[in-house]
Amino acid sequence: MITPDKIIRSHRKTLAVCIDNFGNVIVRAPKRLSQKHIFDFLAEKEAWIRSKKEEKIGLGMRLPTEDLDGYSFLLLGKNCRIALSEGKKITFDNVNGVLALPKNNAKNRLVKWLKENAKRIFTELTAQKALQMGVSFQSVGISSAKTRWGTCSAENKIRYTFRLLYAPKEVIEYVVVHELAHVRYKNHSASFWKEVEKYAPDWKTRRKWLKDYGALMEIF
């Protein structure tokens, strides 16, 4: 039997079920609908629900708890494990994928460290790709956006969410190429996508990674 992780009741007229990025079963139901009706509905959808749960759980993502010690997440597409320490500085063992994080004010310090590294890496990569593509941009900024991986303003100011740092380098490169292509085309026309394809021929595969791992937007 399927047991929902959350039932959200509202003034809606229909019953719906979805599986979130972490494999949780979310039911949206009318306010006065009986529990029996909800569970009968879930029984009908059981095969689909189990399939989707396995798909999401297979991605191996989970939200961090209050205690970050031992928490694993992706960093440049590779598994990174947090080890809380008594030290005063954040250090990263690239070989073993261990991030030593001071216990004091751990989460805030980690986000600051991620943003600093994102700024450095994305600025260097944007400059390299801009030279290759023959375009220029005003600046590179880092945001905490949870809805977009990157943006390019009318003034060609490019911003990336620091969370893009979780992605593999080739996926980051796709986002950089995407935003730089907007320097020439302020839309998503056929000409825009041709420009993207010129510098990232497998952009569809790279974009699919961002869609599959959209849950990363919710981490930290």
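Which residues form one aromatic cluster with Y71? The cluster consists of Y71, F73, Y166 and F220.

## Basis of the model

The model is predicted; local features need pLDDT of at least 70, side-chain atom pairs count only at pLDDT 80 or more, and totals for chains, interfaces and linings use all residues. Residues are numbered from 1 along each chain as its sequence is written, and side-chain values use heavy atoms, with hydrogens and water left out.

## Aromatic pairs

Rings of Phe, Tyr and Trp (its six-membered ring) pair if their centres lie within 6.5 Å; planes under 30 degrees apart count as stacked, over 60 as edge-to-face and the rest as tilted. Y71 and F73 are stacked, because their ring centres lie 6.2 Å apart with the planes at 15°. Y71 and F220 are edge-to-face, because their centres are 5.8 Å apart and their planes stand at 80°.

The pair of Y71 and F220 ties together parts that are 149 residues apart in sequence, because Y71 lies in the loop between helix 2 (46-57) and strand 4 (72-75) and F220 in the segment after helix 6 (203-212). Helices (H or I, at least four residues) and strands (E, at least two) are DSSP runs, numbered from the N terminus.

## Burial

Buried means under 20% relative accessible area (1.4 Å probe, protein chains only). Y71 is buried at 2%, F73 at 4% and F220 at 10%.

## Surroundings of H178

H178 belongs to helix 4 (residues 169-184) and is buried, with 12% relative accessibility. Leaving aside residues up to four places away in sequence, H178 touches H188, F192, W193 and V196; contact means heavy atoms within 4.5 Å.

Methods: Buried means under 20% relative accessible area, exposed over 50%, partly exposed in between (1.4 Å probe, protein chains only).
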